[in-house]
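Please consult the sequence and structure below before reading on.

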Amino acid sequence: MDVNYTQNGKLQSVLAELEVERKKVLSANTQGYGAIILGIVLIVALAVMGLLVAGMVTGLAAIIFGGVILFRISDAATDYKNRFKMDVVGALLSNVDQSLTIQPDRGIVEGEFRQSQLFTTDPDRYSTEDLISGKIGNTSIYFAEVHAEYKTETQGKNGRQEHWHDILKGIVFVADFNKNFNGVTAIRPKDFGSSIGAWFAKNIYSFGDKNIVELENEAFNKNFVTYSTDQIEARYILTPALMDRLCELNQRAAYAISVSFVNSNMYIAFPLAKNYFEAPLFKSLLNADALNEDLSVLHFMYAIVQELDLNTRIWTKQ
Amino acid sequence: MIIVAIIAVLVLIFGIGIYNSLISKKNQVANAFSAIDVMVKKRFDLIPNLVEVVKQYTQYEGDTLTKITELRGKAMGNHVTEGDKLAIDQQLGAAVKGLMVSVENYPDLKANTNFLNLQSTWTESEEQIAAARRNYNASVTSYNNAVMMFPGNMFAGMLGYQPMQVLAATEEERKNISAKELFNN
């Protein structure tokens with residue numbers, strides 16, 4: 001695995017080529033938006049001076065000029081973004097593992113996201129992109145960026161107001177799990193509500209949620225609440241070793257992860273603070289650290305299979 | 001008067017809740033135990049096939065195979081207590097583990113698909129039994145907490161419920177089985 005992408009000659013030539021594109025797009029954007037801003041300033045300034053008609057004529061001309069520049073560069077801008085994903089992220093991927101590929105327009109479909117039961121809230125608005133898939137050893141994996149939100153409404157002075165809240169903004173990682181199972185097991189980060197539910201399940205059995213699994217790993221219970229349709233199966237999946245490994249993974253992740261085991265797959269949701277695998281506009285592609293963040297996310301995802309020991313196929317599932 | 005009645009009703013509901021909770025925890029322990037039993041039986045059923053396949057390829061493992069067959073026969077007998085059955089299962093597990101290691105000396109057997117299937121089914125059943133045992137222990141711990149802590153202990157005294165023993169953790173429960181260790185590849 002070649003960690004240092006700066007050594008990769010092919011990637012370097014793609015980056016140099018794209019850097020020219022980036023500068024072109026950036027300068028067109030600067031000119032286009034600059035002209036639009038200038039137009040607005042002209043209209044306001046000349047109107048204040050009492051020259052409204054002159055202001056409208058010159059201002060509108062500047063705005064139209066800016067619009068034309070932006071329109072003419074829009075294809076090149078889209079092309080730049082796509083080529084960055086296909087060629088640059090694609091090259092980073094094959095540096096990490098030959099089998100990994102990216103499909104920028106595809107993702108994890110909403111139906112699968114709902115079925116994964118990673119979260120209890122169903123999304124009202126959903127978008128996904130940058131599907132990366134491959135096979136690491138014996139384990140097929142795929143992951144994509146997902147933004148799932150739900151809506152609440154409040155009655156204010158100005159009528160109904162919509163508020164959007166994140167369910168997940170980050171990456172959903174899916175791996176073919178190495179053991180057979182039939183039920184659904186979900187591991188969610190512990191929050192106030194689930195802690196109360198777990199307390200009831202533990203102390204007042206008849207009022208508690210019977211799907212809660214009380215596991216023997218204290219550190220694991222401190223971070224997560226586990227739900228399952230099958231108590232024994234949940235323990236079959238969550239061996240003491242896997243619980244330890246999930247705790248470690250959770251510590252390495254920026255925010256608390258959620259994990260589920262559904263339809264013979266393992267799903268992990270990683271909330272992230274920013275959108276990855278996007279072409280930079282204001283930063284040079286030739287900077288030594290330009291791709292470091294994307295690359296570290298890729299390495300993080302790639303290492304999961306190893307960390308969770310998913311390549312050990314000693315059970316009947318091959 | 002009404003307040004007294006309300007308090008009496010609340011106390012009654014609370015009492016029923018605790019009582020039912022104790023009963024259901026005890027039932028759950030029994031349930032969890034029978035789950036181990038099911039898993040152990042499933043594993044015993046693998047033995048005849050395993051012995052047959054190994055027999056075809058090996059000449060020197062006769063003693064181990066006889067021991068394994070005997071142990072299975074003992075476990076399937078009519079007069080075995082549940083506790084004995086678990087103990088036999090442990091011995092059987094150790095014997096088969098030994099057999100799996102000596103299989104290294106028989107390349108033909110190692111390449112046999114039938115044997116490979118049996119081997120992975122065996123590992124799977126091992127982990128399933130470990131999971132069932134952990135489930136049993138979780139149920140027992142939950143039951144013991146209810147029986148020993150206030151206010152459950154009052155009802156437990158009246159019902160004659162005693163705390164139960166958890167099963168000692170086996171090697172498989174403490175660590176994940178590593179393919180390398182098991183098959184020595």
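How far apart do the C-alpha centres of domain 1 of chain A and domain 2 of chain A lie? In this predicted model, the two centres are separated by 36 Å. The contact draws 21 residues from domain 1 of chain A and 27 residues from domain 2 of chain A.

**Domain assignment and buried area**
- Chain A is assigned two domains, with domain 1 covering 5–96 and domain 2 covering 101–307.
- About 2,100 Å² is buried between domain 1 of chain A and domain 2 of chain A.
- Carbon and sulfur atoms contribute 75% of that buried area.

**Salt bridges and polar contacts**
- Between domain 1 of chain A and domain 2 of chain A, 3 salt bridges are counted.
- A:Lys85 and A:Asp130 form a salt bridge, in which the closest N and O atoms are 2.9 Å apart.
- The count of residue pairs in polar contact between domain 1 of chain A and domain 2 of chain A is 8, with both residues of each pair at pLDDT 80 or more.

**The domain 1 side of the contact**
- Two or more residues each are given to the side of domain 1 of chain A that touches domain 2 of chain A by α1 (9–48) and α2 (52–96) of chain A.
- The largest share of this side, 11 residues, is supplied by α2(A).
- By residue class, the side of domain 1 of chain A that touches domain 2 of chain A comprises 14 nonpolar, 3 polar and 4 charged residues.

Key:
Residues are numbered from 1 along each chain as its sequence is written. Chains are lettered from A and ligands numbered from 1 in the order in which they are written. This is a predicted model: local features need pLDDT of at least 70, side-chain atom pairs count only at pLDDT 80 or more; totals for chains, interfaces and linings use all residues. Side-chain values use heavy atoms; hydrogens and water are left out. Domain bounds come from an automatic or database domain assignment. Contact means heavy atoms within 4.5 Å. Buried area is the accessible area (1.4 Å probe) that two parts lose on being put together, summed over both. A salt bridge is a side-chain nitrogen of Lys or Arg within 4 Å of a carboxyl oxygen of Asp or Glu. A polar contact is a pair of N or O atoms within 3.5 Å; within protein, one must be able to donate a hydrogen and the other to accept it, and residues adjacent in sequence count only if both atoms are side-chain atoms. Helices (H or I, at least four residues) and strands (E, at least two) are DSSP runs, numbered from the N terminus. Ala, Val, Leu, Ile, Met, Phe, Trp, Tyr, Cys and Pro count as nonpolar, Asp, Glu, Lys and Arg as charged, and the others, Gly among them, as polar.
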